[in-house]
Amino acid sequence: MRVRPITFVLRLVFRVAASLLLVAAVTFLCRRVFSVNATTAGFAYLLGILAIGSTWGLIESVAASVAAMLCFNFFFLPPVGMFTISDPQNWVALFAFLTTALVASHLSDREKKQAEEAKGRQQETEQLYALSRSILLTDPSQSVGSQAARHISEIFDCPGVALYDAKTADVFRGGAEDLLEIEGKLKQVAVQGNNFVEPPLFVAAILLGGQPIGSLALKGCSLSDGALQALLNLVAIALERVRMEEAANRAEAARQSEEFKSTLLDAIAHEFKTPLTSIKAASTSLLSDSPALSPQFRELAAIIDEETDRMNQLVTEAVRMSQIDAGKIRLERELLDIPQLLARVIENFESQAAGRSLRLNPGANLPRVSADPDLLLLALRQLIDNALKYSPPGSPIGVVADLEGDRVVIRIHDRGPGIPERERERIFDKFYRRSGVAGAGVPGSGLGLYIAREILRTHGGDLWIESEPGEGSEFCVGLPIPKEGRTK
């Protein structure tokens with residue numbers, strides 16, 4: 001805490017007077033009690049000056065040095081009792097004594113200040129350690145800002161503390177002295193990043209990564225520059241810790257929300273699947289076992305059959321999406337033969353090709369990959385279905401698989417309009433559909449490509465696009481090869 005000027009002056013006057021009394025006491029003892037010679041008296045004066053300098057300071061010891069020089073001249077150098085010197089050699093002795101006394105005063109004062117600074121640094125280090133420990137042990141159920149302000153006030157014996165968090169615009173206070181009308185100054189310092197000093201008030205910006213994130217006001221306490229910077233860094237860590245905990249809480253809440261959504265969709269999907277299975281069985285039975293149906297009824301039965309498949313696919317996509325978002329996908333890996341897997345996928349699309357040819361051209365001697373067959377089939381079906389939707393009638397769909405480095409790459413090429421480069425990442429977003437495509441008679445939910453990419457990334461692979469406008473699109477699936485399947 002800062003010392004008031006009047007108190008400081010009174011204490012200084014008292015110490016100077018005490019120093020002069022000590023010189024007078026040394027003079028009395030050396031002159032009246034022990035009757036020592038001039039050399040002994042000079043050493044006695046120097047010892048007294050050293051004691052004054054080490055106990056009080058430079059001003060007191062300089063005053064004592066001048067008084068001791070005068071007494072030494074008046075009482076011990078001939079002619080005694082006069083402020084004159086008869087022997088020229090005694091002038092040298094007198095000035096040597098004064099110089100020695102002043103140098104001794106300075107050295108003694110410097111040692112005292114160094115000792116005080118070392119003690120102050122030790123105290124500040126202990127206070128900073130105590131503050132860092134308090135920050136680590138803060139109660140998460142209470143406001144961390146309020147706790148930090150209170151700890152600063154208690155540990156640094158600071159009567160007034162105000163802490164401003166720029167993100168929340170909250171001001172936290174600590175100490176017995178309430179800093180009135182400090183909010184404006186705190187916000188100004190936090191925005192500008194420049195410190196404000198108006199003793200006994202000090203307001204400093206709290207920086208994190210070179211950017212101000214708040215400000216701290218201290219009133220009635222004094223800290224070194226190093227300790228103040230360390231204090232600000234600790235407060236910045238405390239504020240950042242709060243933000244990290246809040247982000248973690250939000251992430252946990254979001255995760256729980258996604259898990260709840262996944263569970264709910266699983267239940268709804270189960271309820272949907274039962275009637276959809278019945279509808280599918282009925283429509284298939286009508287189409288296959290009732291040849292006498294009129295063309296009109298057969299067309300209606302075919303529409304029911306196709307829309308049932310579409311509804312079943314939408315339900316499956318919604319469930320998979322919720323499982324992906326909730327992190328619930330569990331892979332049941334098997335070693336899969338890529339040409340056989342692709343043949344199975346293409347076989348399922350022969351009835352939907354609508355005159356388009358599906359050309360499969362796998363490379364020779366492809367190594368097997370480790371993957372979940374059901375999930376990988378789902379991802380590939382999404383890609384081939386997407387190619388069929390956007391390819392003009394009669395155009396072929398090419399499916400090529402080959403070994404590229406340490407992975408198998410499957411390329412599905414269509415003859416559609418192509419995808420501009422600016423949209424090649426966005427089409428993998430949930431529910432995103434290209435402008436001019438959505439609502440243009442192309443069915444879809446905007447989930448297929450998102451689900452396919454997430455499934456492949458869960459396997460350690462990836463999905464990307466190589467496309468030229470007007471020349472079609474090529475969706476590329478990369479699957480890593482197991483280490484035991486790689487050539488040495």
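Trainee: How are helix 9 and helix 10 oriented to each other?

Mentor: Bear in mind that this is a predicted model. The general idea is to take the angle between the two axes and see in which range it falls: under 35 degrees counts as roughly parallel, over 145 as roughly antiparallel, 65 to 115 as roughly perpendicular, and the rest as oblique. Here helix 9 (residues 338-348) and helix 10 (residues 373-390) pack at an angle of about 50°, their axes being 10 Å apart, and the two helices are therefore oblique to each other. As for handedness, helix 9 makes a right-handed crossing with helix 10.

Trainee: Which residues make the contact between these two helices?

Mentor: From helix 9 come Leu 341, Leu 342, Arg 344, Val 345 and Ile 346, while helix 10 supplies Leu 376, Leu 377, Leu 380, Arg 381 and Ile 384. Sorted by class, this contact of helix 9 with helix 10 holds eight nonpolar and two charged residues, with no polar ones.

Trainee: At what angle do helix 2 and helix 3 cross, and how are they then described?

Mentor: The axes of helix 2 (residues 38-55) and helix 3 (residues 58-76) cross at roughly 165° and come within 9 Å. Because angles over 145 degrees count as roughly antiparallel, helix 2 is roughly antiparallel to helix 3. Their crossing is right-handed.

Trainee: What does the contact between helix 2 and helix 3 consist of, by residue and by class?

Mentor: On the side of helix 2 one finds Ala 38, Ala 41, Gly 42, Tyr 45, Ile 49, Ile 52 and Gly 53, and these meet Glu 60, Ser 61, Ala 64, Ser 65, Ala 68, Cys 71, Phe 72 and Phe 76 in helix 3. By class, the contact of helix 2 with helix 3 comprises ten nonpolar residues, four polar and one charged.

Trainee: Turning to a loop, where does Asp 429 lie, and how is its accessibility classed?

Mentor: Asp 429 belongs to the loop between strand 10 (407-413) and helix 11 (448-458). For accessibility, the general idea is that under 20% means buried and over 50% exposed, with partly exposed in between; at 40% relative accessibility, Asp 429 therefore counts as partly exposed. Along the chain, Asp 429 and Gly 448 are 19 residues apart, and their C-alpha atoms are separated by 9.7 Å.

Trainee: And what share of the whole protein counts as buried?

Mentor: Of its 488 residues, 39% count as buried. The protein has eleven helices and twelve strands.

How values were computed: Residues numbered from 1 in each chain as written. Predicted model: local features only at pLDDT ≥ 70, side-chain atom pairs only at ≥ 80, totals over all residues. Heavy atoms only, no water. Helix = DSSP H or I, 4+ residues; strand = E, 2+ residues; numbered from the N terminus. Buried < 20%, exposed > 50% of the residue type's maximum accessible area, 1.4 Å probe, protein only. Axes fitted to C-alpha atoms, helices over the stretch in contact; angles between N-to-C directions. Left-handed = near helix turned anticlockwise from the far one by under 90°. Contact = heavy atoms within 4.5 Å. Nonpolar A, V, L, I, M, F, W, Y, C, P; charged D, E, K, R; others polar.
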